[in-house]
Amino acid sequence: MMDGIAHGYDVARIRQDFPILSQGVRGRPLVFLDSGASAQKPRQVMDAMRACMETAYANVHRGAYHLSELATENHEAAREAVRRFLNAARAEEIVFAGSSTNAINLVAHSFGRGVLKAGQRVLVSEMEHHANLIPWHMLRDSGLGIGMGVIRVTDAGELDLDSLRAELAKGDVGLVAVTHMSNVLGTVTPAAAIARMAHEAGARVLFDGSQAAVHRRVDVQALDADFYVFTGHKLYGPTGIGVLYAKHELLKAMPPFLGGGDMINTVTMDGFTWAEPPLRFEAGTPPIIEAQGLKAAVEYVEAIGMEAIEAHERRLVEHAMRVLPEVEGLSILGAAQDRGGVFSFALDAAHPHDLSTFLDSRGICIRAGRHCAEPLHARLGHEGGSARASFGLYTTEGEVDALAGALREARRFFA
Ligand SMILES: Cc1ncc(COP(=O)(O)O)c(C=O)c1O
């Protein structure tokens, strides 16, 4: 099952950092192919969170004593690590949110209500995760006169740039909010081109990088992204922390979303004044321990190298594209030219849920359902959902082979 050292990428060595991967499930080796939903954690992340609690824990930004100052320093070091990871121009452009979902809701409330104007529209694509769809529905339905428009997806599962162009040409788009990588199809969208098109039309652009930031090097300055979000738990970090990157000039213009401690300058019984970004958007006690876990996760992937991770995953994708189509009765959703390690598929003989249960009996974890992307499943004619295998930096070709073998077995079993 181990692929050993191929192309200088020592996947067997990397797997040793993830204690959970060495355990068995139902008497078989665990084959974890659901990293797109949430990734497993390396020991380095656990150690960093433990060290925070054992040696440097106190509330941040408030205590005038050594331990709180140390915790604050470490918290701001985590922000700096994320800045470096995204190549943001300054640390003040990094806002810690609870998740990608929280980060997008923050933008929808704050930028959506405070900066967008009545009569403007937000464009979203047909392949968005619900996290980058529902907040915009809620904004549209809030009675402020802000509309929505749809960017179509081609049959191959790529963003239809002609459709984007046509929508932008209407001249009323305030924000384009699109995924940087589909959590269903693995499609990587041409983010720099999308940003250019949006900016030429006078619109801002938000990228949902929940999947992309895990698999590709992201440079928000090179992309010229106005907003970029990702979530810690998919990047081998903890749950409970996500990141909103936004250009400083935008954050300066945005009102706060949540009110409470830490986001103010002064408070009287009559009112308050806002703090500068990023604290303006971080009301309440932040995810202090999780930030240390996220910092360790960022340092972990940087130590392996995002280019090396991407190259490893490209080999896995190529391998999967060789072995999965050979499984009789299997259809893979989408056929994008540029895709990452996420495959959704349907097997003629079995409902996705039954398939998932069957694979579980073989120790293989996949996702079944609509993967929080109902409109995309409807668009592709898979209203009933699909099964999904998603890869991480620890996935091996042997695991892809195990999936293909179990799918063949499942077809015989259900036929
Ligand atoms: C593309 C995409 N966007 C957003 C999310 C939401 O992430 P979270 O649940 O961490 O907020 C996910 C998670 O599945 C995702 O895949």
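Guide: Helix 13 and helix 15 cross with a right-handed sense (right-handed if the near helix is turned clockwise from the far one by less than a right angle, left-handed if anticlockwise). This is a predicted model: local features need pLDDT of at least 70, side-chain atom pairs count only at pLDDT 80 or more, and totals for chains, interfaces and linings use all residues. Residues are numbered from 1 along each chain as its sequence is written. Helices (DSSP H or I, at least four residues) and strands (E, at least two) are numbered from the N terminus.

Now the geometry. The axes of helix 13 and helix 15 (residues 397–414) come within 10 Å and cross at roughly 120° (axes are lines fitted to C-alpha atoms, for helices over the stretch in contact, with angles from 0 to 180 degrees between N-to-C directions). Helix 13 is therefore oblique to helix 15 (under 35 degrees is roughly parallel, over 145 roughly antiparallel, 65 to 115 roughly perpendicular, the rest oblique).

Next, the residues. From helix 13 come D354, L355, F358 and L359. Helix 15 meets them with A406, A410, F413 and F414. Contact here asks for C-beta atoms, placed from the backbone, within 7 Å. The contact of helix 13 with helix 15 divides into 7 nonpolar, no polar and 1 charged residues (Ala, Val, Leu, Ile, Met, Phe, Trp, Tyr, Cys and Pro are nonpolar; Asp, Glu, Lys and Arg are charged; the others, Gly among them, are polar).

Stay with helix 13, which spans residues 352–360 and holds P352. P352 is buried because 23 other C-beta atoms lie within 10 Å (20 or more is buried, 12 or fewer exposed, in between partly exposed, with C-beta atoms placed from the backbone). Its partners beyond four places in sequence are A346, A368, G369, G385, S386 and A387. Take G385 from that set. It sits 33 residues from P352 along the chain, and their C-alpha atoms are separated by 7.0 Å.

The axes of helix 3 (residues 66–86) and helix 11 (residues 288–304) come within 9 Å and cross at roughly 40°. Helix 3 and helix 11 are thus oblique to each other as well. Their crossing is left-handed. Helix 3 brings A71, N74, H75, A77, A78, A81, V82 and F85 to the contact. Helix 11 brings I288, A291, Q292, L294, K295, V298, E299 and E302. The residues of this contact of helix 3 with helix 11 are 10 nonpolar, 3 polar and 3 charged.

The loops next to these helices carry backbone details. H61 lies in the loop between helix 2 (43–55) and helix 3. H61 has phi near 65°, a positive value in a residue other than glycine. With 17 C-beta neighbours inside 10 Å, H61 counts as partly exposed. N87 lies in the loop between helix 3 and strand 6 (94–97). N87 is not a glycine, yet its phi is positive, at about 50°. N87 has 14 C-beta neighbours inside 10 Å, so it counts as partly exposed. P278 lies in the loop between strand 14 (272–274) and helix 11. The peptide bond from P277 to P278 is cis, with omega near 5°.

F18 lies between helix 1 (11–15) and strand 3 (24–25). F18 has 19 C-beta neighbours inside 10 Å and so is partly exposed. Not counting residues up to four places away in sequence, F18 touches Q40, K41, P42 and Y394. F18 and Y394 are 376 residues apart along the chain, but their C-alpha atoms are separated by 8.5 Å. D160 lies in the loop between strand 8 (147–151) and helix 6 (161–168). D160 is partly exposed, with 16 other C-beta atoms within 10 Å. Leaving aside neighbours within four places in sequence, D160 is in contact with I151, R152, V153 and T154. D160 and L175 are 15 residues apart in sequence and 17 Å apart in space, C-alpha to C-alpha.

Last, the ligand. Of the 16 residues around the ligand, S99, T101, H129, N183 and T231 come nearest (near means a C-beta atom, placed from the backbone, within 6 Å of the molecule or strand). The shell around the ligand divides into 3 nonpolar, 12 polar and 1 charged residues.

Key:
Contact = placed C-beta atoms within 7 Å.
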